[in-house]
Amino acid sequence: MDITQIDAITGEVTERTYTAEEKSDYDALVAKAKIKLDADIAANEAKATAKAALLAQLGITEEQAKLLLN
Amino acid sequence: MPVKRYNGTDWVTVAGDGIQGPTGPAGASATTVVTTKGDLLTYSTTAARLGVGSNGTVLTADSAEATGVKWAAPAATGASWSQLAVTATTSGTTVTISGLSGYNQLYIQFENVSHNDSIKEFYLRMNADSGTNYNIVNFLIRNAASVSSGTYNAAQTEIYLGRTASSGNTMSGGILINGANSTGKKFFSGFMASVGDLVNSDITQPHISGTYDGTSVISSVSIVTNAPAFDAGNMRVFGSVA
């Protein structure tokens, strides 16, 4: 089931699948999230690559870099 | 000199100092009914004195009183909270608590919520509204040393709560909503903390506040994930009528 709903007044619990409109809304949400996530992952990977390159250029490890920064 | 009043036909002499109504019987003198500082002149079948109430009391209508009014302590107007519902976030992709109308303030608490996938997010919606009605200020602290500048994003279609990297990573936090029982703008504010963001070692702490433009009173709140399903945790709602 897609939705679990509890009524705060009666305590009744309902489980059901999305209606067509709800499914459309949900699919739009998932698609939008994927675009954002892909961008975040790409940015994170680019940052990690740049960091590794800098560490290699400096000839130190990440732990040594942390010591320097602290 | 006698005081006269017009009864619709003739001018007649008024007894006392003229306190009676325009067509009523001769009444008592106000100066003989009210005698003490703060006295009020009231009426049942005759004029009656109501002595001043205790400090802080207010004049209150009460049909059980002979004169229909009394002094009483003002009704409490402060917030009084109670738990309205709690439900597990252990299946499906939307968990909703409904039946929330009538509460001006709502507090939604997320307790160790997780999903069953890798790197997926959690969102909050009110009244299942997917319109562009959420205007959000977001301040994100990531891994403590990495602090983002605040961002403002108007016309969002949901409130972002956080992201976790895998099942077993959890998101907890709370959102306070004010003005929930009005048809005007609603204010929300809160913060979350997620263990695991893009990788398991990440810790993110979104601090959010903003306004919700939906014009209906809030009758339900939903947590939504873009993962295949929730797999742990609870959502709990508290409410205050004031």
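Start by selecting strand β1 of chain A, residues 3-7, together with β8 of chain B: five bridges join these two strands, and they run parallel. Keep in mind that you're looking at a predicted model.

Now click on Ile3(A). Which residue stands opposite Ile3(A) in β8(B)? Thr94(B) does.

Next, colour β8(B), residues 94-98, on its own. Of the side of chain B that touches chain A, β8(B) provides the largest share, with five residues.

Time to step back and show both sides of the interface. Here 29 residues of chain B are in contact with 22 residues of chain A. How much area do the two chains bury between them? It comes to about 2,000 Å², with 48% of that on carbon and sulfur atoms. If you're wondering why anyone quotes an area, the size of an interface is often given as the accessible area lost when the parts come together.

For the last stop, select Lys32(A) and Glu158(B) and show their side chains. The two meet in a salt bridge, at 2.5 Å from N to O. How many salt bridges are found across the interface of chain B and chain A? There are three. While you're there, look around for polar contacts too: 17 residue pairs make them across this interface, counting pairs with both residues at pLDDT 80 or more.

Terms used:
Residues are numbered from 1 along each chain as its sequence is written. Chains are lettered from A and ligands numbered from 1 in the order in which they are written. This is a predicted model: local features need pLDDT of at least 70, side-chain atom pairs count only at pLDDT 80 or more; totals for chains, interfaces and linings use all residues. Side-chain values use heavy atoms; hydrogens and water are left out. Contact means heavy atoms within 4.5 Å. Buried area is the accessible area (1.4 Å probe) that two parts lose on being put together, summed over both. A salt bridge is a side-chain nitrogen of Lys or Arg within 4 Å of a carboxyl oxygen of Asp or Glu. A polar contact is a pair of N or O atoms within 3.5 Å; within protein, one must be able to donate a hydrogen and the other to accept it, and residues adjacent in sequence count only if both atoms are side-chain atoms. Helices (H or I, at least four residues) and strands (E, at least two) are DSSP runs, numbered from the N terminus. Two strands pair if DSSP finds at least two bridges between them.
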